[in-house]
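Here's a quick walk through a two-chain model. Have the coordinates open as you read.

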Amino acid sequence: MRLVVVGNGMAGARLVSEVRARDKDVKITVFGAEAWQPYNRVLLSNVVAGTSSPDQVRLLDPRWYAEHDVTARLGVAVTAIDRDCRTVVAADGTREPYDVLVIATGSEAVVPPIPGVERATAFRTLDDCDRIRGAAASARSAVVIGGGLLGIEAARGLAGRGVPVTLLHLAGHLMERQLDAEAGLILRETLGALGVAVRTGVTVSAIRERHVELADGELIEAGLVVLACGVRPVVGLARDAGLEVERGIVVDDELRTDDPSIFAIGECAQHAGRVYGLVAPGWEQASVVADLVTGADKNARYRGSRLVTRLKAKSVELAAMGETQLGEDEAEIVRFSHRHRGTYRKLVIRDGRLIGAILLGETSAVGTLTQLFDRGGPLPGDRTGLLFPDLGPVGAAVAGNPTRMPDSARVCQCNNVTKGQIRACWESGARDVEAVAAATRATTGCGSCRDAVEGIVGWLCEQEGVSA
Amino acid sequence: MSQAAAGAAVGAAVGSATHCPYCALQCGMYVTKGEITPREDIPANAGGLCQKGWTAAELLTSPERLTTPLLHGSPVSWDEALDYVAARIEAIRTEHGSDAVAVFGGGGLTNEKAYQLGKFARVALRTSQIDYNGRFCMSSAAAAVNRAFGMDRGLPFPVTDIARADAVLLAGGNVAETMPPFVRHLTAMRSGGGRLVVIDPRGTQTAKLADLHLQVTPGADLALALGLLHIAIADGYADLDYLAARTTGFEQVRTSVSAWWPERVERVTGVPVARMREAVRILGEAKRAIVLTGRGAEQHAKGTDTVTAFVNLALTLGLPGREGSGYGCVTGQGNGQGGREHGQKADQLPGYRKIDDPAARAHVAAVWGIDPAGLPGPGRSAYELLDALGTPEGPRALLLFGSNPVVSAPRAGHVARRLDALDLLVVADFVLSETAAMADVVLPTTQWAEESGTMTNLEGRVLLRRQAAAPPPGVLGDLEILRGLAERLGCGEKFPADPRTVFDELRRASAGGVADYSGITYERIAAETGVFWPCPDTGEDPHPGTPRPFLDRFATPDGRARLVPVDHRPPAEDVDEEFPLYLTSGRVLAHYQSGAQTRRIRPLTQASPEVFVELHPDLAERLGVAPGDRVRVRSRRGAAEGVARVNASIRPDTLFMPFHWEGVNLLTNPALDPMSRMPEFKVCAAAIERCAEGERVA
């Protein structure tokens, strides 16, 4: 079988390695418009922030293709799909026949039609990162346009490099698709404390030589302008080939387009009315397609993904998942808000299952909540522990206090010695740890209970003094 | 004092100064007239003992001790028993071939016994079918470190290095219960300002001692290790000079962990990114840091790759082969280290040689005085061997020493049925274990304080087990049993029963191998309170032994450690609607292994009387289970009951059961690691329900 993959981004590259892992014999050709080896787009914000180096984002070693018998056409765009001949046509004029074609062309940055927009740098590719980092080295101010996930990460990263940043956002609050208004407000204040001035509800009318101009005429100084105004699926190739395209390339539960020999995955695909802009769904889709085209699991199906958004920005802990905007009339809401400390926690519950959550500020609950959300697992009747996982069980402090623990409490785990036995030993004359150890073997195992035994003996001796 | 005198009477390996019968720490102890006191001269325990150690002597006088051979349940003489076994072996191999007779050994056997058992299988039985319960224990770590370092020595440094470290990461180990005196080293480290990070799905006694606990989802240790490595590189803790000078493969590993960015790992493992970052910072900023793995990380169908990922982390931080730092696995069974070196493994010959290596075969065949062509090749691994018993292609007879697979093997109900299908089951043990109770022939053997020999502890330090008590009349040692059988099979002269003679042969057989014991003698062990292998025989100028084998070079052909890219995958059996919980298993302080020994010691059964099921209060509330209620846990392979123990320190999606009783292994998943053949003991999908009132245990 001949498999051709158009697109060598995170979804396409993933598909290639998943197919090869399942089947050694499929003939694979992958086209990538960028000349780079596939890299991890998720880490680009870290590259801007300087917390990952560019050489850490590579997803495959250059040698991988040769070692795994995959033909990689990097830096070669595909210009057309000839469905009648089952062949793709590349920009260099070559034609590659396929039995199965997978389109993974991803998405491209939205560039708003603003005068002077060519002065701004998009934030989408590794090349963009290089440009932003280069400009940041000399810029004395920066403006990021777009207060979604990427825009915030870029702004935080630039602020971390010591550049004063203004973040401009059209909607009334940051990350309005993932956060409710209160969380957006607290996030804005948190970013403010880190050197990112946030302006919401503003429209950019032009990008000038050294300024960004707002609709009301205000000028904001900007030595560097970064665009993070969202992405749109790259569907031209599919549309030109006559495949069904709405916002994305329309696919079914097998990720098949309306041409059964053509699949689409990743950010260019539209499944059940949804186009995903995150990596995890694309990888889940790649796994399903790999199962289907290799026959490893003919029953594999894609049923949609649950979305968890994690902001990657130093000193800003934020996780948002599922339905976060529902009100009390639509779902059970559990909330804790402490704006002064930058803490906001919200659970959205329906039928005893977690269907959404926001964690801002301290996020020690994030692991538990993400897994409850992903698995749809049942929640405990008392929701307190979900919001405050670090609150210990009541009474723990009492058990740790030698004077207040019950006689039945096990003090020495290694030799199974209770407080009562230590007391009995003291009553028959032992007055220090060594004497207690000789009689009960307490402290002779791991030795960690030495302080506790010392405390009990000391307390008993004290009591003796008091009563004498 | 008589102890000192007894300690000095070393050469004959008789005397009161010996070691504990249980775990791989091999605590030094004196056994004098049935009384036990700790030895101060053994660094591993330095005067400490846990309750198991203190009470070990009770088994010497246990009324449950076997003192006469049993044939189909009836007492018989040794001649009758051994004649019967030998005749049945002859008949079975005449009819079905040599591989119809199999041998199963144990990681608690002395080096001499382990060696002799491997030789007995290949020379007296001429069978390839031998493996041992250490496959269920150390095989994943062994496969991973052989691949990375070219040598599998559990701790490639003295255990006392731990006390001097600035940071220790312990992945999947609960030493506070499994080997309590080990905690002394961790406590010493912490009181010197060092920090402890523990990875465990449960808030174990060990996790409670930790400065940082990463409460990982069962079966996700590999993802966590990849995430830690990703962060270590991103945050600038990779020791690039070390990586360039002493390793290969870093580039590929760096690329491979690009796909495991922290937020993705968080979603898979349930460990918050901030905690992962803190763990890496603790390790990365330590001057001396040690990464350790235990069975919690290793007993998986991806155990080898999980250990590899932790080794990659240690190598990236520049730890192995640096004095005071390193990677080590915490060996479990008493002779879990020595037991995996001298040939009771299906693919192995003495000295940690490979059975398919022609040079190794020639060397060992010469020591054994046979034609190399007569040596069998590799056989089945432990679970595959047990699974094949009594099948048309599998063995018809099994000789079993030092193991109790009816309790300890995965999917134990199935294993019991396979044992039942045998034409001949012979079990050598000193009590009537669950497996011995099924045997056609039971051979009563000596136990620890009644015999001499060597044990190799978790550090790779070879120790002397001295005979401190006389065995009861009617009991023979395993070496005597093997000789008795060999005589009847026509090769008795090749199987001496004296441990020292066997050890001297083992030294020759191991000479030139990875685990070279040729320079070690009983006298040296006694004088030096243990000798670290490798210790070749260098004649007049004795080799000092090797406390830290990787300081100058690794044991690979090019002397460099290998980083190998690995990828995470989910457990072999993940949770679903029918079985929505993870089941994991482990140990409690008062018991050892299948409990055959410790369940016969009163203070230990008082401390820990019965099997329990640990579950989170949220789960208990949902099920209407109160502490002390009987609950039933089910998996696709079986069901087991226990008493509910409600504990907020376990993950709400996880159940824990100790494995010292028949029970949890009726449920465990025998999915095997492709490389080490380790079964997936530590995670399977399960369901739990409350037993009805008045319902009796099945």
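This is a predicted model: local features need pLDDT of at least 70, side-chain atom pairs count only at pLDDT 80 or more; totals for chains, interfaces and linings use all residues.

Residues are numbered from 1 along each chain as its sequence is written, while chains are lettered from A and ligands numbered from 1 in the order in which they are written.

Chain B first, in a few overall values:

| Property of chain B | Value |
|---|---|
| Radius of gyration (over C-alpha atoms) | 24 Å |
| Box filled by C-alpha atoms, along the principal axes | roughly 70 × 65 × 55 Å |

A compact globule of 698 residues would have a radius of gyration near 26 Å, so the 24 Å of chain B agrees; that rule is 2.2 Å times the number of residues to the power 0.38. Of those 698 residues, 65% count as buried, meaning that 20 or more other C-beta atoms, placed from the backbone, lie within 10 Å of a residue's own.

On to the interface: 39 residues of chain B are in contact with 39 of chain A (C-beta atoms, placed from the backbone, within 7 Å). Elements giving two or more residues to chain B's side include α8 (183–191) and α10 (221–234) of chain B, helices being DSSP runs of H or I, at least four residues, numbered from the N terminus.

Over in chain A, helices α1 (residues 10–22) and α8 (residues 279–294) pack at about 35°, axes 8 Å apart. Those axes are lines fitted to C-alpha atoms over the stretch in contact, with angles from 0 to 180 degrees between N-to-C directions. A:Leu15 is among the α1(A) residues in this contact, and A:Trp283 among those of α8(A).

Conventions:
Two residues are in contact if their C-beta atoms, placed from the backbone, lie within 7 Å. A residue is buried if 20 or more other C-beta atoms lie within 10 Å of its own, exposed if 12 or fewer, and partly exposed in between; C-beta atoms are placed from the backbone.
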